[in-house]
Amino acid sequence: MAQGIPSWLNIDFTERILRLAEDDSTVQVIDIFTKPATAKGDNYTSDMIRVTVEFTRNQGVKKGVNEKKSLIFKFEPIEGGTRQELIQKIQIFDTEISMMTVTLKKMSDMLGTRLCARVYHVRMERPLCLIMEDLAVEGFRMADRQAGLDLTHSMIAIKGLARLHAASVALCEKEPKHKGMYRKGFFSDEYPEEMFQFITYAGQGLIAAMEGWEDVDKRYYDYEA
């Protein structure tokens, strides 16, 4: 088992989750294999673990059919320290849980198409954890953030964002409470001082980097211009 994995993420826990997700009490987990779901540094506000589950289940006259399933366990920061303390203070993970399990589900129903991965279970004890389907199995992958997207994929992304925003407007008109559920952004007065410091330092770093970009007009980074 990968280092830093909570002790409760074991065969028994995974079996309970899989039985609920599959609505099949005959599921019996044989073994689980864990590894990081993202490269180091790719995730700032969470720790993501890919869990491959080997299990059997009875299917009619077939007894003990062997199968594999890949799950994503998305944790708020597991290890203690400044990062964990800040994420818990700003409650960003609580917001994501609400969005994934309630709001996006309603938006998907309105559109007739899914907007996010299926959530199998939410563990509300610390560290909070979202347990979801692994979209990599369906052929999805993260784009290289350094290379960016080509035109075709950019158009797909923009059209997807348009559907997302249209569905959010329609949902807020139907159920106005959803607008109030997500009123806190990164610039909220309710966020701790550390968050404002982080944003300030990040902005200063971006300005410093842009000063070396020959093809960028000065007005985009010189706030005194």
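## Close-up views of a predicted model

**Overall view of the protein.** Among contacts between residues at least 6 apart in sequence, 54% join residues at least 24 apart. The model is predicted, and it contains 6 helices and 5 strands, which follow one another along the sequence in the pattern α-β-β-β-α-α-β-β-α-α-α. Taken along the principal axes, the C-alpha atoms fill a box of roughly 75 × 40 × 35 Å. Of the 225 residues, 29% count as buried, and the accessible surface comes to about 15100 Å², with 54% of that area belonging to carbon and sulfur atoms.

**Close-up 1. The salt bridge between R57 and E22.** A search of the whole structure finds 16 salt bridges, and one of them joins R57 to E22, with the closest N and O atoms 3.1 Å apart. Because R57 lies in strand β2 (residues 47–59) and E22 in helix α1 (residues 11–22), the pair ties together parts that are 35 residues apart in sequence. R57 is buried, with a relative accessible area of 11%, whereas E22 counts as partly exposed at 23% relative accessibility.

**Close-up 2. The salt bridge between D47 and R83.** The side chains of D47 and R83 meet in a salt bridge, with an N to O distance of 3.0 Å. Here too the pair links distant parts of the chain, since D47 belongs to strand β2 and R83 to helix α2 (residues 82–90), 36 residues apart. R83 counts as partly exposed, its relative accessibility being 35%.

**Close-up 3. The packing of helices α3 and α4.** Helix α3 (residues 92–111) packs with α4 at an angle of about 100°, and the two axes are 9 Å apart. An angle from 65 to 115 degrees counts as roughly perpendicular, and α3 is therefore described as roughly perpendicular to α4. On the α3 side the contact is made by T103, L104, K106, M107, M110 and L111, which meet R163, L164, A167, S168, A170 and L171 in α4. By class, this contact has 8 nonpolar, 2 polar and 2 charged residues.

**Close-up 4. The surroundings of F186.** F186 lies in the loop between α5 (177–181) and α6 (193–210), and F186 is partly exposed, with a relative accessible area of 42%. Leaving aside neighbours within four places in sequence, F186 is in contact with I92, Y191, M195 and I199.

Technical notes
Residues are numbered from 1 along each chain as its sequence is written. This is a predicted model: local features need pLDDT of at least 70, side-chain atom pairs count only at pLDDT 80 or more; totals for chains, interfaces and linings use all residues. Side-chain values use heavy atoms; hydrogens and water are left out. A salt bridge is a side-chain nitrogen of Lys or Arg within 4 Å of a carboxyl oxygen of Asp or Glu. Helices (H or I, at least four residues) and strands (E, at least two) are DSSP runs, numbered from the N terminus. Buried means under 20% relative accessible area, exposed over 50%, partly exposed in between (1.4 Å probe, protein chains only). Axes are lines fitted to C-alpha atoms, for helices over the stretch in contact, and angles run from 0 to 180 degrees between N-to-C directions. Angles under 35 degrees count as roughly parallel, over 145 as roughly antiparallel, 65 to 115 as roughly perpendicular and the rest as oblique. Contact means heavy atoms within 4.5 Å. Ala, Val, Leu, Ile, Met, Phe, Trp, Tyr, Cys and Pro count as nonpolar, Asp, Glu, Lys and Arg as charged, and the others, Gly among them, as polar. Accessible areas come from the Shrake-Rupley method with a 1.4 Å probe; for residues, only the protein chains shown count as cover.
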